[in-house]
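Dear colleague,

I am passing on to you the structure that we spoke about, and I would be glad if you could look through it with the notes below at your side.

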Amino acid sequence: MTTTSIEELFVHNREWAQQMERDRPGFFTGLMAQQKPRYMWIGCSDSRVPANQITGLEPGEVFVHRNIANVVVPSDLNALSTIQYAVDQLHVQHLMVVGHYGCGGVRAALEDIRVGLADNWIRHVKDVRDKYADLLEGLSPQWRLDALCELNVIEQVANVAHSTVVHDAWARGQALTLHGWCYSLQNGLITNVEVTVPGEGGLDEVQRRAVERVAARERG
């Protein structure tokens, strides 16, 4: 159903809250008592990619940060502060960078589409495009967008791994594993891009193999 007015959002909210309390008495009291998520999700702001519903997790089970094209760069204090809180205060055990196939921000980077002020943000994805220009050029045009979505995920996982927050967590022996995924709007399924980093060391090899799989996937 399409919502046609702001007032309807309040109606839906009251209906949802009442239904939740009927079905699961004490649900909201329990949420107030604690927030102990095991997972952090860094995803795209696309409204069609809701972290909890995709993964079947309850409210309070996944800590979420979203921006255009799921980018993490050292200059973005918003993303880094959210990661720091999730790692240092909530002690999440798994951090997933999740892109999605057909991403509009990635398409804008790939095809040099001007979108406005966000062009400055999308420049980070263009850097990924330029880094892997030869690989992308060797792919069929219909696969390049999805390939760049995966390559962008791989690069953003590496950026998270290089952050001081994650370095410090691993240095003190904290259990934290990084993951790179891509979500399909077409079928609702998540693809593991296989850039899984459980701790210090080995990132370069994991990243190299993940990139090789992107290049080989079209042939597979």
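Does Arg-172 count as buried, exposed or partly exposed? At 47% relative accessibility, Arg-172 counts as partly exposed, where buried means under 20% relative accessible area, exposed means over 50%, and partly exposed lies in between, with a 1.4 Å probe and protein chains only.

Before going on, please keep in mind that this is a predicted model, in which local features need pLDDT of at least 70 and side-chain atom pairs count only at pLDDT 80 or more, while totals for chains, interfaces and linings use all residues. Residues are numbered from 1 along each chain as its sequence is written, and side-chain values use heavy atoms, with hydrogens and water left out.

The chain as a whole

The chain has 10 helices and five strands, which are DSSP runs numbered from the N terminus (H or I with at least four residues for helices, E with at least two for strands). Its radius of gyration is 19 Å, close to the 17 Å that the globule rule gives for 220 residues, so the chain is as compact as a globular protein of that length; the radius is taken over C-alpha atoms, and the rule is 2.2 Å times the number of residues to the power 0.38. Of the 220 residues, 43% are buried.

The positions listed in UniProt

An unreviewed UniProt entry lists Cys-44, Asp-46, His-100 and Cys-103 under "binding site". These four are spread over 60 residues of sequence, yet they cluster in space, with a largest C-alpha distance of 8.9 Å. Such positions are given in the numbering used here, feature names are shortened, and annotations may be inferred rather than shown by experiment.

His-100 is found in strand E3 (residues 94-100) and counts as buried at 1% relative accessibility. If residues up to four places away in sequence are not counted, the residues that His-100 touches include Cys-44, Asp-46 and Cys-149, where a contact means heavy atoms within 4.5 Å. Cys-103 is found in the loop between E3 and helix H5 (104-111), and Cys-103 is likewise buried, with a relative accessible area of 1%.

Salt bridges

A search of the whole structure finds 15 salt bridges, each being a side-chain nitrogen of Lys or Arg within 4 Å of a carboxyl oxygen of Asp or Glu. In one of them, the side chains of Arg-172 and Asp-88 meet at 2.6 Å, N to O. This pair links distant parts of the chain, 84 residues apart, with Asp-88 in helix H4 (residues 77-89) and Arg-172 in the loop between helix H9 (164-171) and strand E4 (177-183). Asp-88 counts as partly exposed, at 23% relative accessibility.

Another salt bridge joins the side chains of Arg-107 and Glu-111 (3.3 Å, N to O); because they are four residues apart in helix H5, these two are separated by about one helical turn. Arg-107 is partly exposed, with a relative accessible area of 35%, and Glu-111 counts as partly exposed at 43%. There is also a network of salt bridges that links Asp-112, Arg-123, Lys-126, Asp-127, Arg-129 and Asp-130.

With best wishes
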